[in-house]
Amino acid sequence: MPGTLRNYKAGSVIYFQGDVGDNIYILKSGVVSLVYPSIETGEEVRETIRNGEFFGVKSALAKRPREETAVVLKDAYALVLTNEEFEYLLTKNVKIITNFLRVFSNQLRKVGKLVHSFLDHEEVGDNQAELFKIGEYYLKKHNFKQAQYVYNTYLKHYPRGNFVPQAKERLAAINDALTGKGSGTYAGMVEGKPAAEKATQQPSVQSEKKLHPKAEGGEKIDIATKYYDAVSLFSQEKYEEAYKLFKALHSAGELDESASEYIPKIEYEMGRCLMAMNEYKEAVLTFTNMIKNFPKDENIKDALFNIGLVYKMQGNKEKAASFFQKVLKMLPESPIDRKAKKELATLK
Amino acid sequence: MSEMQMDASMFDKFGVTYQPGDILFCEYEPGNEFYLLQEGKVKVTKIVSEMEKTLDIFHPGDIFGEMAILEDQPRSATAIAMDKVKVLKFNKENFNLLLQSNPQLAVKLLKVFSNRIYDAKRRLLILTLPDIESKACDVFLMLAENQNISPKTTTPTTFNSTVEEIANWCGEKPNKVKEVLISFSNSGRIQLFEDRIVVKNLYELFRLVRSKRKSQSKE
């Protein structure tokens, strides 16, 4: 057998957790213990290696840091193999491979289960609906071959699925499109209009809302998305663009009741944009309006603090101090209190 | 006999050929085969918020789809042939035959699994954190590790990730993660772009996660 036989004294360490090394060990005699924190509880776990057993395999194969510390409890002999020697050994002993595959797949299953236990709150996706949606995506992109594959796969695995009629319709239309018949049946069916009116060479999806339940209530999602875009612009220091988008959202939000929750946030962000643009008067006005309109909003203390900052920047110490004090008097306590204290201290 | 010659004789039994653009398997498709790529390139994609994103590109000699032999979950991504592609396709049943005739390939599979265990444990480490803020921070740290970027980096670091992807790693709803990222952006920790996120100071996130873990282990 290849490898080097090495002698380890009791109390020594063969490798530490976090070490990088590509040696693989087989214990020949003595006692070696692997010490590592449990991934579930973080508590220390000790595992005794039996004679003839391998250790250090996974880290060596993956070329990753050791996960455990190998401590010698009683004087030991171990056969030390390099990665290449180990691989050579494996190819000559297929049984070892099967054993390791079993051990590793058990470990992977175990970790996988733990991961899933943390994801339990996730909505359980409907696999067949999701598969169908993949087809819809490709169809929308006019990737007909790919859409065709997905719809066929859907029919194969879910012959009684909820979307069987739609999948069959789509396939027929794709077939027409690919063969150049272009009867337009697909568009006709979806729109509920006579086929002649919608005679197109290629299928197109026009009623996505019917197919994608998530797309319903799309306007609310739209406000959320645009709000996020505006915040993104702010973080990119594109203050004017951000302000414009917030302002547009503000007017749109006033008309749409479902968006009302965003209005105070938008007003607050508009104030911040104006501050960054050095439009001090406008900024104070915007923050003041926001405080008047939404006296119970979570950003009130931040708005008061920002007004204080604006006055400070304009050199109006007295007014600045009065706003920082307002922040400190107002409950509940928040991280902004510390900042307000700091600012007050600099004013004195 | 060389590895490639052996593969050639195996091609009759397990070989499949695909044309450019052909799908080998798609996201949410049930399946229990894994693939050894012999010729051509295969890209693995996933549709995230109505956008097809390429996760990986495989080259001859690579193994993919191996998770299917472990669990009864449908495929988590789509594999598409980028050019003319030849693969060997194996399942649990004919796996032993492969082992006997091509142990090098089996060793490769062992390596793939070893790496997967490390990846899964790293993911678990994120999920065990107590709140979305620290989870999101740890996701950036993990992504940095994958790119061999030191967690002690104090200069801006760019990640080509979207909110949805970060949320997926956190195991949290995208809307909640979005709120957290917005607050990070407001406090100047990160910059948000449509297709990427810039972390201003990775080391700051590292310290935050480390202190969260410490206080957790004390409890």
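I started at B:Gln191, whose bridge partner in strand E11 of chain B is B:Val198. I am working on a predicted model, in which local features need pLDDT of at least 70, side-chain atom pairs count only at pLDDT 80 or more, and totals for chains, interfaces and linings use all residues. Residues are numbered from 1 along each chain as its sequence is written, with chains lettered from A and ligands numbered from 1 in the order in which they are written.

Next I looked up the pairing: E10(B) and E11(B) (residues 197-199) run antiparallel over 3 bridges. Strands here are DSSP runs of E, at least two residues, and helices runs of H or I, at least four, numbered from the N terminus; two strands pair if DSSP finds at least two bridges between them. The open sheet has 3 strands in the order E9-E11-E10 (chain B), with antiparallel pairing. Its edge strands are E9 (157-159) and E10 (190-192) of chain B.

Then I turned to the interface, where 40 residues of chain B are in contact (C-beta atoms, placed from the backbone, within 7 Å) with 41 residues of chain A. Elements giving two or more residues to this side of chain B include H2 (95-101), H6 (174-186) and E10 of chain B. Which helix gives the largest share of the side of chain B that touches chain A? I found that H3(B) does, with 18 residues.

Last, I checked A:Tyr25: leaving aside neighbours within four places in sequence, its contacts include A:Ile14, A:Phe54 and A:Val80.

Conventions:
Two residues are in contact if their C-beta atoms, placed from the backbone, lie within 7 Å.
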